[in-house]
Amino acid sequence: MIRVMLVDDHPVVREGLRGMLDAEPDLTVIGEAGSGEQAVELALAERPDVILMDLRMPGLDGAGATEKIMSSDIGSRVIVLTTYETDADILRAVEAGATGYLLKDASRAELAGAIRAATRGETVLAPSVAGRLVRRMRQPAQPSLSAREVEVLRLVGKGMTNADVGAALHISEATVKTHLLRVFNKLGVSDRTAAVTTAMELGML
């Protein structure tokens, strides 16, 4: 039997999952937790084969709980089961050590199959999630600006001259120019307007 633990802050969701999994001859639910903290405590005590982990919970969230469980080296596999599929959520779960990432609209057959696959050490991803991860990996790394460079660019975006920016930040005009040249180089632009526009498109400002 594959021993499964359920983690979700909504009792009705846990009840539904238990009903689905109890119908499978080789799966058994050995415990439930309603928070990340409870999940860690129960996982260490019961050492389930697979943990179905909700992502967004008050207090310690699913990614945080997954990280703690994986660092304990108890051998459990974690499958995140959530309604969220943003890039940030997916990456946090994967980086925390989750074996799989499924959405809550998965069928009973998909869920049971994912649990069995996770037990075999396989990675299980919803198709939309797998696509997002592949696209993310193919994207070139986004340039990063220092805090000071962001400050300079933000003031430039307000229409300030280099002299005005220097006065506002208590640095010389030459230093402002140096910061801007570095920004131009990092963003692959050649003028102030393009630098501000590009930084805004990348969410830096």
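## The main nonpolar core

In this predicted model, the largest nonpolar core has 29 residues. Those with the most contacts inside it are Leu-21, Leu-52, Ile-79, Tyr-101, Leu-102, Leu-111 and Ile-115. Helix 5 supplies the largest share of this core, 6 residues. Nonpolar side chains tend to be buried together in soluble globular proteins.

A second, separate core has 18 residues. Leu-153, Val-183, Leu-187 and Met-204 are among them.

Leu-111 sits in helix 5, which spans residues 108-119. Its relative accessible area is 2%, so Leu-111 counts as buried, the cut-off being under 20%. Setting aside residues up to four places away in sequence, Leu-111 touches Leu-17, Met-20, Leu-21, Leu-52, Leu-81 and Leu-102. Leu-17 lies 94 residues from Leu-111 along the chain, yet their C-alpha atoms are separated by 9.4 Å.

Leu-21 also contacts Leu-111. Beyond its neighbours within four places in sequence, the partners of Leu-21 include Val-4, Leu-6, Leu-27, Val-29, Leu-52 and Ile-115.

Six strands form an open sheet in the order 2-1-3-4-5-6, with parallel pairing. Strand 2 (27-33) and strand 6 (124-125) stand at the edges. Each has a single partner strand, so one side of each lacks a neighbour in the sheet.

Strand 4 (residues 77-82) and strand 5 (residues 100-103) run parallel and are joined by 4 bridges. Ile-79 has Gly-100 in strand 5 as its bridge partner.

## Helix 2 over the strands

Helix 2 (residues 36-46) lies across strand 1 (2-7), strand 2 and strand 3 (50-53). Helix 2 runs at about 135° to strand 2.

How values were computed
Residues are numbered from 1 along each chain as its sequence is written. This is a predicted model: local features need pLDDT of at least 70, side-chain atom pairs count only at pLDDT 80 or more; totals for chains, interfaces and linings use all residues. Side-chain values use heavy atoms; hydrogens and water are left out. Helices (H or I, at least four residues) and strands (E, at least two) are DSSP runs, numbered from the N terminus. Buried means under 20% relative accessible area, exposed over 50%, partly exposed in between (1.4 Å probe, protein chains only). Contact means heavy atoms within 4.5 Å. A nonpolar core is a set of buried Ala, Val, Leu, Ile, Met, Phe, Trp, Tyr and Cys residues joined through side-chain atoms within 4.5 Å. Two strands pair if DSSP finds at least two bridges between them. Axes are lines fitted to C-alpha atoms, for helices over the stretch in contact, and angles run from 0 to 180 degrees between N-to-C directions.
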